[in-house]
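Here is a short briefing on one protein model and its ligands. Please look at the structure first.

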Amino acid sequence: MAVLRLGLPKGSLEETTVDMFRRAGYKIDIQSRSYYPSIDDKEIECVLIRAQEMSRYVEEGLLDCGLTGHDWIVENGSDVVEIAELVYGKVGRKPLRWVLAAPNDSDIHGPKDLAGKRIATEAVGMTKRYLAKHGVEATVEFSWGATEVKPPHLADAIVEITETGSSLRANNLRIVDTLCETTTRFIANKDAAKDEFKRAKMDKLALLLKAVLAAESRIGLMLNVHKDNLDAVLNILPALQRPTVANLSDKDWFSLTTVIDEYVARDIIPQLMQAGAEGLVEYALNKVVL
Ligand SMILES: Nc1ncnc2c1ncn2[C@@H]1O[C@H](COP(=O)(O)OP(=O)(O)OP(=O)(O)O)[C@@H](O)[C@H]1O
Ligand SMILES: O=P(O)(O)OC[C@H]1O[C@H](OP(=O)(O)OP(=O)(O)O)[C@H](O)[C@@H]1O
Ligand SMILES: [Mg+2]
């Protein structure tokens with residue numbers, strides 16, 4: 001039987017990825033110390049791999065596809081096919097940033113101030129390219145992690161990824177500059193992407209994962225409205241998502257169903273009620289296919 005070999009990222013992206021697959025309809029079970037999670041789809045075989053190494057194994061064909069950050073795909077210089085961009089991190093749903101950071105009281109305020117200094121980072125290639133772009137000579141030292149603790153004694157500055165900013169704050173570091181942004185990508189091996197079975201399977205996974213992300217920021221809205229108030233209520237709803245308007249058994253009343261961005265709901269719901277909406281129900285969505 002044909003099987004798709006899928007790499008799941010160990011580390012920061014692990015929990016969110018497994019949760020996204022669950023909401024996409026796949027149950028993944030990771031036993032402690034096992035690097036072969038089980039999945040309730042006989043056509044998929046999962047392997048847990050560090051995000052840093054994912055693109056290398058996908059490029060070599062040891063894995064057909066996998067999820068990892070754009071940052072490590074670039075850092076490794078991997079030649080892989082991008083099936084989908086999925087904007088999620090460990091905590092949030094926004095791109096993450098790789099930043100140059102220095103102690104709050106340091107005299108480093110821009111790239112030029114790095115001349116002759118020592119910079120610790122997990123992303124050596126990215127940092128060297130940044131220095132070259134600014135024509136600055138500095139020492140770049142590979143860091144195995146816990147990089148934020150290094151300044152001021154073990155390094156003058158660091159290049160590190162930040163999501164919530166709490167690791168930088170906890171270590172009295174301030175952001176000096178942003179080197180790049182990164183998001184999660186669903187990548188495939190070039191040959192696997194040309195294989196009919198594997199490509200179809202990957203496209204299906206990408207569609208479902210994107211649908212889960214699209215649903216997270218939206219809500220469903222259902223309400224009833226008298227015909228005299230129909231236009232007023234319709235005018236309040238965002239123009240992009242035309243609602244479904246259906247007749248109720250009483251001819252003078254209509255039922256409206258629509259999907260809107262969650263952040264507009266808090267403004268719109270009171271307005272809708274004022275305009276004559278009744279029996280309004282807001283509900284969570286599992287998947288939205290755009
Ligand atoms: N909050 C986050 N912190 C760090 N990396 C994140 C975060 N959210 C998403 N990522 C992404 O996860 C990947 C991190 O890969 P990496 O191999 O460094 O593992 P790690 O998650 O830091 O694991 P470890 O705990 O072993 O250091 C990167 O591609 C990065 O863009
Ligand atoms: O801006 P924040 O929300 O604080 O997130 C960013 C931090 O999370 C990651 O650390 P990780 O857990 O991978 O530890 P490590 O430094 O030992 O790799 C990353 O390397 C940063 O330190
Ligand atoms: Mg890490």
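Predicted model: local features only at pLDDT ≥ 70, side-chain atom pairs only at ≥ 80, totals over all residues.

Residues are numbered from 1 along each chain as its sequence is written, chains are lettered from A and ligands numbered from 1 in the order in which they are written, and side-chain values use heavy atoms, with hydrogens and water left out.

**Ligand 1**

- Ligand 1 is surrounded by 16 residues; a residue counts as near if one of its heavy atoms lies within 4 Å of the molecule.
- The closest are Ser 12, Gln 52, Asp 71, Lys 90 and Glu 163.
- By class, this shell has five nonpolar, six polar and five charged residues. Ala, Val, Leu, Ile, Met, Phe, Trp, Tyr, Cys and Pro count as nonpolar, Asp, Glu, Lys and Arg as charged, and the others, Gly among them, as polar.
- Helices H2 (51-60) and H3 (70-76) each supply at least two shell residues. Helices (H or I, at least four residues) and strands (E, at least two) are DSSP runs, numbered from the N terminus.
- A polar side-chain atom of Asp 71 lies 2.7 Å from an oxygen atom of ligand 1. Polar contacts are pairs of N or O atoms within 3.5 Å; within protein, one must be able to donate a hydrogen and the other to accept it, and residues adjacent in sequence count only if both atoms are side-chain atoms.
- The side chain of Gln 52 places an N or O atom 3.2 Å from an oxygen atom of ligand 1.
- Gly 69 uses a polar backbone atom, 3.3 Å from an oxygen atom of the ligand.
- On its own, ligand 1 has 620 Å² of accessible area, and the protein covers 76% of it. Areas come from the Shrake-Rupley method with a 1.4 Å probe; for residues, only the protein chains shown count as cover.

**Ligand 2**

- There are 13 residues around ligand 2.
- Glu 148, Glu 163, Thr 164, Gly 165 and Ser 167 come nearest.
- The shell divides into two nonpolar, seven polar and four charged residues.
- Strand E10 gives three residues, the largest share of the shell.
- The side chain of Thr 164 has an N or O atom 2.5 Å from an oxygen atom of ligand 2.
- Taken alone, ligand 2 exposes 490 Å², and the protein buries 69% of that.
- Elements giving two or more residues to this shell are strand E10 (157-162) and helix H5 (166-170).

**Salt bridges**

- The structure holds 18 salt bridges, each a side-chain nitrogen of Lys or Arg within 4 Å of a carboxyl oxygen of Asp or Glu.
- One of them joins the side chains of Asp 64 and Lys 198, at 3.1 Å from N to O.
- This pair links distant parts of the chain, 134 residues apart.
- Asp 64 is in the loop between helix H2 and strand E5 (65-69), while Lys 198 is in helix H7 (residues 196-216).

**Backbone details**

- Pro 151 and Pro 152 are joined by a cis peptide bond, with omega about 5 degrees.
- Pro 152 lies in the loop between strand E9 (139-142) and E10.
- Arg 33 is not a glycine, yet has a positive phi of about 70 degrees.
- The loop between strands E2 (28-29) and E3 (38-39) holds Arg 33.
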